[in-house]
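Here are my notes for when you open the model. Have a look at the fold first, then read on.

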Amino acid sequence: MIEQVYPDIFKIPIVLPNNPLKATNAYYIKGKERNLLIDTGFNRSECKESMDQALADLGIAMENTDIFITHLHGDHSGLAGYLTRPTNRVYTGKYCADTLLGYAGAGLHGFLNELLAQSGLTNITMSDHPGYTYASDIIEEATNIQDGDILQVGEFSFQCIETSGHAPDHFCLYDQERKILFSGDHILGKITPNNTIWAPPATITRDYLGDYLESLNKIAALDIKVIFPGHRFVLEDGYKRIEELRDHHQRRLEDVMKILGEKSMTGAQVAGQMQWDLTIRSWEDFPPAQKLFATGEALAHLTHLVFQNMVGRELKDGVVYYTRV
């Protein structure tokens, strides 16, 4: 159900079939000459129908409504191609833009097969990743945004704030005067954003979890009254939630160290022994997509520990093994 969450701001739940997230929150911000739509849902028929109905109910014309994509994940960018018009713009970070424009080697195409092999996951393919299966159609133009850029929408003046880590580039929108933040997947209530790595584990040179934690600090320094996240409900105590997210990842790191013990393990093996908030208890019974997400989460924490010189990694027969230092 569409909900007005602030004057001239409407939260639009875009249904995500067979997905534990249930829906992506798209947001429509009504301006004077131009409007803004934040995030879109997957590129699949049910999401299109959900979006089409919302556009009709709100009387939205995409011809004068620009699109802001917080990050690459398909549940946020999937309908970018469907919603673009010759007269509107798609604003997003460079990594996401390169993927939407179809540049060779960009997005999941560039590394996912190698990541799957090196993680030790078996019987999982790219087609098991919904972000790949329901990705956006290629678009012809995108406007790259950078940290600090300002987007003016009616009376709103939104600062683009880079909060990467959950994705190679992730952007929030912040109105300093009204003290409101659109957080995408950077900050969610009750559920924690899935953090993974965006390169093969044997050769990765970036600590994505470290970037994510630094980005939390960046948001914590802002004066915020209300956070509008990419999933679930609106947050009115963002600072408390940030502390909860920090604590969550610290516990995860400690758990990973305990799981490793004196053993040498793959990312998938570590993921299989971590605690997950799912009704399915047996790792063998996890659906392929959930195994993929869980292993990505394990790899993000293992890689962070590698960068902290607490864990070592070694590539053996095409698979990366981790041991405590």
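The points below go through the sheets, the cysteines and the helices in turn.

1. Ground rules. This is a predicted model, where local features need pLDDT of at least 70 and side-chain atom pairs count only at pLDDT 80 or more, while totals for chains, interfaces and linings use all residues. Numbering starts from 1 along each chain as its sequence is written, and side-chain values use heavy atoms, with hydrogens and water left out.

2. The 7-strand sheet. This open sheet runs S1-S2-S3-S4-S5-S6-S7 with mixed pairing (strands are DSSP E runs of at least two residues, helices H or I runs of at least four, both numbered from the N terminus; two strands pair if DSSP finds at least two bridges between them). Its edges are S1 (3-6) and S7 (143-144), each pairing on one side only. Inside the order, S4 (residues 35-38) and S5 (residues 65-68) are parallel, with 4 bridges, and Leu-37 has Ile-67 in S5 as its bridge partner.

3. A helix on that sheet. H1 (residues 45-58) lies across S2 (9-15), S3 (23-29) and S4, at about 155° to S2. Contact here means heavy atoms within 4.5 Å; axes are lines fitted to C-alpha atoms, for helices over the stretch in contact, and angles run from 0 to 180 degrees between N-to-C directions.

4. The 5-strand sheet. A second open sheet has the order S8-S9-S10-S11-S12, again with mixed pairing. S8 and S12 (226-229) are the edge strands, pairing on one side only. Neighbouring strands are turned by 25° against each other on average, direction ignored. At the S12 end, S11 (residues 180-184) pairs with S12 in the parallel sense over 4 bridges, and Gly-184 is partnered by Pro-229.

5. The S8 end. S8 (residues 150-153) is joined to S9 (residues 156-162) by 4 bridges, and the two run antiparallel. The hairpin has 2 residues between its strands, and Gly-154 takes a positive phi near 60° there. Leu-151 and Val-153 make up the covered face of S8, with Ile-150 and Gln-152 on the uncovered one. Leu-151 also has Phe-158 in S9 as its bridge partner.

6. Cysteines. How many disulfides does a search of the whole structure find? The count is 0, taking a disulfide as two cysteine sulfur atoms within 2.5 Å. Cys-160 has its closest cysteine sulfur in Cys-172, but at 10 Å that is too far for a bond. Cys-160 is buried at 0% relative accessible area, and Cys-172 is buried at 0% too (buried is under 20%, exposed over 50%, partly exposed in between, with a 1.4 Å probe and protein chains only).

7. H8 against H10. The axes of H8 (residues 238-260) and H10 (residues 288-307) come within 10 Å and cross at roughly 85°, so the helices are roughly perpendicular (65 to 115 degrees; under 35 is roughly parallel, over 145 roughly antiparallel, the rest oblique). H8 contributes residues including His-248, Arg-252 and Met-257, meeting H10 residues including Glu-297, His-301 and Leu-305. The contact residues divide into 6 nonpolar, 4 polar and 2 charged (nonpolar: Ala, Val, Leu, Ile, Met, Phe, Trp, Tyr, Cys and Pro; charged: Asp, Glu, Lys and Arg; polar: the others, Gly among them).

8. H5. Leu-112, Leu-115, Leu-116, Gln-118 and Ser-119 are the buried residues of H5 (residues 112-119). Their cover includes H9 (267-273), H10, S13 (311-316) and S14 (319-324). Just after H5, Gly-120 has a positive phi of about 90°.
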